[in-house]
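Please describe the charged side chains of the structure below. A short report with one table will do.

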Amino acid sequence: MPRYELALILKAMQRRETAAALKRTVEALMDKGAIIRNLENLGERALPYKMSAHSQQHWRGRYFLVDFYAPTTTVQSIMEHLSRDIDVIRPNIVKHPLTQEVKECEGIIPVPLEEKLYAPKKRK
Amino acid sequence: MAALVAVYRVLGRKKLTHGITAAVCLPDPGTRTVLWRRSCSQYKQVTSNENLPVAMENPYKEPLKKCILCGKHVDYKNVQLLSQFISPYTGCIHGRHITGLCGKKQKEVSKAIKRAQIMEL
């Protein structure tokens with residue numbers, strides 16, 4: 001199964017409520033058939049700009065990161081479900097960045113300057 | 001024989017073999033020229049075995065210059081790293097002539113910046 005990452009921004013709430021909201025989202029994910037691998041808390045931060053979601057405006061938010069395995073078909077349903085949740089300010093699912101291979105970068109290949117000297121004139 | 005010697009002097013040492021092989025046609029045919037030809041061919045082979053350069057990779061090749069992010073994974077989550085590549089005043093992504101990254105890394109960084117901007121990180 002391909003790995004996905006969910007960058008979740010929750011409303012700034014009391015600890016108990018955030019815990020409840022997280023639990024809810026995690027259970028929803030598992031119901032859709034996602035296998036959760038790891039949950040990280042990136043802390044509470046001031047949002048970069050004022051956001052309005054579900055007829056409410058937010059300035060601060062709590063950032064969470066969930067990486068999970070999910071079948072490709074359920075991703076859209078997960079997104080819909082999360083957008084309906086009022087505690088969630090903004091959900092974003094992306095492919096897990098660590099699964100992409102790091103291609104070996106050999107270095108800056110020196111461009112022969114002679115080619116640049118006799119480059120054909122660009123025609124507008 | 002005299003003609004051969006003259007030819008040798010004229011052409012110089014490097015072209016010895018060529019001179020002799022060329023000059024073989026001119027003087028009297030027969031056994032002598034045949035002998036000369038054989039010795040010439042042997043002489044040529046010896047030089048080609050020992051003195052000609054052997055084909056190999058340049059041993060003094062230096063490793064190519066690497067950019068600062070070469071080989072390191074770029075993530076959209078480390079906002080601090082990505083914020084170094086944008087202008088503090090306008091928020092524009094710096095071009096390649098300013099950042100000095102390789103083509104691939106520059107593209108990766110710009111994509112990660114766009115992603116982080118959309119995801120409000």
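By what distance along the helix are B:Lys105 and B:Glu108 separated in helix α6 of chain B? The two residues are three apart in that helix, which puts about one helical turn between them.

This is a predicted model, in which local features need pLDDT of at least 70 and side-chain atom pairs count only at pLDDT 80 or more, while totals for chains, interfaces and linings use all residues. Residues are numbered from 1 along each chain as its sequence is written, chains are lettered from A and ligands numbered from 1 in the order in which they are written, and side-chain values use heavy atoms, with hydrogens and water left out.

**Chain A**

Chain A has three helices and four strands, arranged along the sequence as β-α-β-β-α-β-α. Helices (H or I, at least four residues) and strands (E, at least two) are DSSP runs, numbered from the N terminus. Of its 124 residues, 37% are buried; buried means under 20% relative accessible area, exposed over 50%, and partly exposed in between (1.4 Å probe, protein chains only).

**Salt bridges**

Over all chains, three salt bridges are found. The term stands for a side-chain nitrogen of Lys or Arg within 4 Å of a carboxyl oxygen of Asp or Glu.

| Pair | N to O distance |
|---|---|
| A:Arg24 and A:Asp85 | 3.0 Å |
| A:Arg62 and A:Glu44 | 3.5 Å |
| B:Lys105 and B:Glu108 | 3.4 Å |

A:Arg24 pairs with A:Asp85. Because A:Arg24 sits in helix α1 (residues 15-31) of chain A and A:Asp85 in the loop between α2 (75-84) and β4 (88-95), this pair ties together parts 61 residues apart in sequence. A:Arg24 is partly exposed at 40% relative accessible area, whereas A:Asp85 is buried at 12%.

A:Arg62 forms its salt bridge with A:Glu44. The former lies in strand β3 (residues 57-69) and the latter in strand β2 (residues 35-52) of chain A, so parts 18 residues apart in sequence are tied together. A:Glu44 is partly exposed, at 35%.

In the chain B pair, B:Lys105 is buried with a relative accessible area of 4%, and B:Glu108 is partly exposed with 35%.

**Positive patch**

A:Lys95, B:Arg96, B:Lys107, B:Lys111 and B:Arg115 form a patch of positive charge on the surface. Such patches take residues with over 30% relative accessible area and no salt bridge, like charges being joined within 9 Å. Helix α6 (residues 103-118) of chain B contributes the most, with three residues. B:Arg115 lies in this helix and is partly exposed, at 32% relative accessibility.

Conventions. Patch = residues over 30% accessible without salt bridge, like charges linked within 9 Å, V, L, I, M, F, W, Y side chains within 5 Å. Areas by Shrake-Rupley, 256 points an atom, 1.4 Å probe, with all protein chains shown as cover. Lys, Arg positive; Asp, Glu negative; His and termini not counted. Charge placed at Lys NZ, Arg CZ, Asp CG, Glu CD.
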